[in-house]
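Take a look at the structure shown below. We will walk through a few parts of chain B, one step at a time.

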Amino acid sequence: MAFLTIGGKAMPTPTEFSVGIADISKAQRNANGTMIIERITTKRTLKVSWSYVSKDDAFTLLYAVAPTSFRVEFPDPQFGTTIASNFYCGDRNVGMMDYINGIARYKDLQFDLIEL
Amino acid sequence: MLSASSDFRNSVYATEREFKGRATIEMDAYNQIDGRAFSFTTGFEEKINGDTDLNPNIAKYIGSQLTRLPSYTGWSELTQGYYWNIQYADSSSQKITTSVGGANSNMLFSFNIIELMERQFGKYIWGEATTLADKIAKAKTMITKYTATVNGYAVNPSRTTFTNGVRYIRDWLNGNTVNPNNYWNEVEAWSGTLDRAKNVTPTISSGTLANAANVNDGNESTYGYEASGNGVAKYIQVDLGATYYDINAIKIFHYYADGRTFHGTKTQYSPDGVTWYTVFDSAVSGEYVETSSGKMYTGTGTYGREFNFTVYDVSTNAYATEVSHSNSTFQTLTQIPSAPNNVLDATGFVHFRAYSNSTDASSESAIYVDYCTLLIEGEMTDVRVYDDDGIMAMNIVEEMSILNETLPANQLDLTLDNSSGELDLVNFANMSQVIASKPVIKTELGIVTAKVDAQDVTSNYSNKIKASLEENPNTAWYVSGGTTVQISPYDTLTEFTQSAYDSLALNDGQVITISTTAATSGKMAEYMFTFDVLSILENQFGTSIWRGKTDLADKVAIARVWVESVDWNIWCKATSPTGNNVTISRWNLTSWYGGWKYTNADITNYPIGSSTAYNFIDDNGKSHVLIQSDPSDAVTSSTISCEYVEIILTVKDLNLVEWFPSGVFFLTDWKNDVTNKIISMTCNDYFAMLSDISYTPTASTNLKTIAAEVLTIGGVPTSKQIIDNSLSNITVNNFPDRIACRDALQHIGIASRSAVFQDREGNVVIEPFSTIDEVTNYVVYPSTQNVLFGYPGTGTYALNSTGGGMKYLDFEQMYEAPQVSLEKSIYQLVINIYSTVGADPTEQVYTNADINGVGGQSFTIDNPLIKDVATADKIADWYIREMNYNMLFSVNWRQNPILECADVILIEDSFGTEKQSRIIRQEFTYDGSLSGITESRGGV
């Protein structure tokens with residue numbers, strides 16, 4: 001089973017992968033000064049990067065995250081299993097490692113996936 | 001105040017809480033947009049036998065020689081253990097078996113569609129439908145597809161049958177060698193050892209079948225006959241009542257006593273009465289002499305191992321064509337009814353049936369079922385439900401005017417996510433008509449009363465105090481000196497000492513040991529550990545996990561389906577004359593189960609697992625585990641030692657939401673924000689619409705009749721009018737001229753001293769304050785509120801103190817201290833009295849005796865419905881009394897969706913006076929979280 005799938009398609013296993021879990025809440029202090037919390041929901045942000053990627057893998061990755069939103073399956077540390085949810089992609093950064101005989105290789109391809 | 005559960009009470013003012021929102025839009029008149037697709041799956045997860053609260057679906061089983069419809073009363077509901085086995089795709093499955101000849105094994109899966117839809121989308125999914133029949137009709141307009149999936153296989157003996165299917169059998173005759181008459185002794189249809197035609201009285205094609213009951217009476221020597229002797233071929237027909245594929249033999253007996261031969265003999269069968277298969281025709285095969293053995297025809301198809309799956313079709317009152325497989329291992333079958341509306345029955349259920357082929361009694365016929373699920377798909381067309389995925393913001397205002405100076409104006413501002421574009425204005429060719437059709441928007445607010453992620457809950461003996469269940473609900477037991485039998489939860493046992501509990505608390509090397517009495521044979525050293533599962537769960541997650549149930553039996557039932565597995569870790573060892581055998585068992589409701597033996601000489605952790613948790617939580621909600629040594633002998637004692645014991649309860653996800661209505665509104669404005677892909681909708685109540693329509697007075701003089709006329713002409717359906725009966729006792733002069741319905745309602749409100757408001761379900765209510773006050777405990781003596789409360793004549797009521805629970809708005813729930821303002825009091829009230837219709841009024845002047853001094857504000861009531869001084873006196877008394885409650889509170893706080901206008905609340909203020917007041921305005925702001933403003937009016 002693939003470590004990470006985007007839009008139903010298996011992605012290369014990332015070099016770095018971190019899961020941010022954010023509780024979306026509205027916290028205000030009451031008239032006594034005590035914090036009261038209105039919980040809205042919990043969302044995840046995935047930071048993913050690949051140290052070295054081929055031209056084909058770079059295409060696969062960048063093409064997969066091009067739509068406005070897409071479904072991502074990933075291993076979730078809180079539940080200990082693979083979960084799926086809808087995400088959009090932040091800015092993509094990719095550096096070129098070399099360009100030999102008309103073939104490009106890339107390094108440090110990274111982006112954030114933010115849960116909708 | 002709306003009613004709510006105790007779980008809601010615990011959640012709504014909790015430091016941390018979570019709300020949900022839901023808006024249901026009805027646009028039936030001018031629906032011009034594509035439907036909104038929905039789908040959800042249901043099954044038998046968390047199903048409790050005999051209960052429909054947690055899971056409304058029901059599964060039943062039967063072994064039967066006949067095809068049983070869902071309405072048959074002989075089905076048995078699955079036991080709890082059976083339900084446990086079919087709830088998921090997992091390693092557990094349920095077997096149903098029979099060995100009765102001609103019988104097969106069946107499981108019936110009944111899905112409560114109406115209840116499931118309502119739980120999924122809320123009660124407003126039905127629009128105006130309220131009866132079950134109407135809801136079913138509505139469901140049929142929405143549901144487009146059912147996909148039932150079952151996983152299982154069957155076991156049954158393979159044999160040769162008429163696999164085209166047999167329901168009808170015809171046997172033709174046309175006289176015989178003795179006379180021209182026709183005689184039938186028996187027509188038999190055999191499935192193994194079962195004659196499916198026995199006692200089925202045949203019909204005849206023409207003429208009269210005398211002694212028809214003799215045919216198929218099981219006696220092959222008695223007969224029925226047809227004696228016209230007219231030389232026309234006749235047949236008798238037997239209807240088996242259903243199509244059977246397991247008929248291996250058809251036997252025909254004609255009159256045989258004198259060895260005659262019949263002419264024109266032909267035997268046919270048919271699965272449907274349309275297609276006929278001929279098994280014998282004397283015109284082809286030649287005539288034969290009748291004997292007492294009859295004539296037998298056998299099927300040639302292979303009726304083998306088959307696991308069948310079908311759906312009950314209401315339109316034919318029969319099961320539809322099944323799908324089947326003949327594998328000897330689990331395999332999935334899918335049943336998709338071609339006409340979904342034909343399978344939803346009058347009780348709101350759809351039924352699917354899995355069954356084996358029947359047995360010939362040589363061996364069993366059985367099915368094994370792992371799970372059955374149903375995917376429900378459809379399209380919301382005239383009713384759309386938007387939940388938190390679609391709602392960006394929802395602002396709700398509800399009002400009640402105390403004195404009817406102005407009628408209330410409830411309002412909803414709803415912002416929906418329109419990224420799909422489905423609500424773009426350009427989709428509507430005639431938007432003005434859409435708006436004119438008054439699309440209804442019904443809103444709800446829900447609070448999450450229980451939210452648990454799937455997890456393991458571990459409990460041990462930490463902090464255990466002997467003889468107390470408060471600090472730690474678990475207990476541990478033994479019998480001093482050992483016993484010759486296994487101790488059980490039913491026995492009177494000795495509880496561990498405090499020091500023993502302390503040793504057991506941690507996995508820290510401290511060991512407790514008991515020994516059997518020295519020089520005594522056959523005694524075992526035993527420890528029994530009892531874990532209070534209900535208390536462990538409740539201490540961890542709160543009482544809301546019981547979903548409103550309070551009885552022990554109900555809590556146990558919930559625990560049995562919510563706890564997925566019960567595991568123990570036991571660090572122990574034993575000594576005995578036979579070595580280091582330690583035996584571990586767990587209590588299986590009525591007896592010890594397991595008896596696993598281990599032999600380590602040192603303390604070792606022995607994990608004991610259970611995949612069927614329901615069996616290991618007893619009727620008191622407890623789980624027990626027993627460790628024991630081998631028996632002692634006359635020389636050597638036995639001992640058992642234990643260092644640490646823990647129980648691990650694995651619970652499933654839980655997400656419970658309790659919903660409350662928060663208003664019914666009519667769409668009046670619709671704004672498209674293309675940039676942000678949102679739609680803003682502004683909606684009002686009936687009162688806003690009433691101002692556009694005028695009422696032409698009739699001859700009616702009864703105030704209730706007039707009120708009904710005004711509301712009806714204003715567009716309020718009769719079903720939405722709640723007019724207190726006391727208004728029918730008030731006789732007035734009707735209005736002299738045409739008047740706006742809204743103004744007319746104001747006059748009616750004052751004339752009857754009533755509140756006029758729209759309630760949460762969209763009803764326009766006209767109800768006297770005297771009636772409201774009886775149930776809301778309104779402040780009548782504001783200056784002495786710590787002593788007396790209550791409407792005159794109804795007795796006194798207790799102070800709505802801080803013990804009033806949700807009606808007490810304290811600083812803990814407020815974002816800031818409440819604003820308090822005072823309105824001017826009325827000193828002089830003038831009421832115009834119109835003794836006859838259109839007459840000039842006479843003035844009646846009243847003075848507010850509660851105001852000390854002279855002078856003050858004056859107010860005139862000019863109401864054509866007031867026709868005499870007696871009425872004016874009552875109105876003046878009420879009006880002045882209400883005006884004295886002139887303190888206005890405005891509280892910016894977290895809000896509570898069950899508090900309504902007219903509720904009397906207690907508000908903490910900076911002066912510590914805590915005045916009672918009546919809510920006159922509620923504002924709810926929902927954007928994923930809830931907050932709002934409550935305004936109320938009370939006395940100084």
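Start with a definition: two strands pair if DSSP finds at least two bridges between them. Keep in mind that this is a predicted model.

Now apply that to one pair. In chain B, strand β36 covers residues 582-587, and it pairs with β37(B) in the antiparallel sense over six bridges. Where does Trp587(B) stand? It is opposite Trp592(B), which lies in β37(B).

Next, look at two loops. Leu589(B) sits in the loop between β36 and β37 of chain B. Its phi is positive, about 70 degrees, although Leu589(B) is not a glycine. Asn463(B) is found in the loop between β30 (455-459) and β31 (475-478) of chain B. Its relative accessibility is 58%, so Asn463(B) counts as exposed.

Move on to a covered strand. Strand β6 of chain B spans residues 104-112, and nine of its nine residues are buried. Both faces are covered. On one side are Asn104(B), Asn106(B), Leu108(B), Ser110(B) and Asn112(B). On the other are Ser105(B), Met107(B), Phe109(B) and Phe111(B).

Which strands pair with β6(B)? One is β3 of chain B, residues 58-64, antiparallel over seven bridges. In that pairing, Gly63(B) stands opposite Ser105(B). Another is β24(B), which runs antiparallel to β6(B) and is joined to it by seven bridges. There, the bridge partner of Asn112(B) is Phe349(B).

Thr98(B) touches residues from this region. It lies in strand β5 of chain B, residues 94-98. Thr98(B) counts as buried because its relative accessible area is 9%. Its contacts include Gly63(B), Asn104(B) and Ser105(B). Thr359(B), Glu364(B) and Ser365(B) are also among them. The side chain of Thr98(B) also reaches the backbone nitrogen of Val100(B), at 3.2 Å.

Finish with an opening in the protein. The second largest pocket has a volume of about 760 Å³. How many residues line it? The lining has 36 residues, and Thr67(B), Ala242(B), Thr243(B), Tyr244(B) and Tyr245(B) lie nearest the centre. Several strands of chain B each supply at least two lining residues, including β9 (166-173), β20 (307-313) and β24 (349-356). The largest share, four residues, comes from β14(B).

Conventions. Residues numbered from 1 in each chain as written. Chains lettered and ligands numbered in written order. Predicted model: local features only at pLDDT ≥ 70, side-chain atom pairs only at ≥ 80, totals over all residues. Heavy atoms only, no water. Buried < 20%, exposed > 50% of the residue type's maximum accessible area, 1.4 Å probe, protein only. Polar contact = N/O pair within 3.5 Å; in protein donor to acceptor, adjacent residues only side chain to side chain. Contact = heavy atoms within 4.5 Å. 1 Å grid on protein atoms, 1.4 Å probe; cavity = no way out; pocket = protein on both sides within 12 Å on 5 of 7 lines; lining within 4 Å. Points joined across faces, edges and corners; volume = space filled by probe spheres on them. Lists of a residue's contacts leave out its neighbours within four places in sequence.
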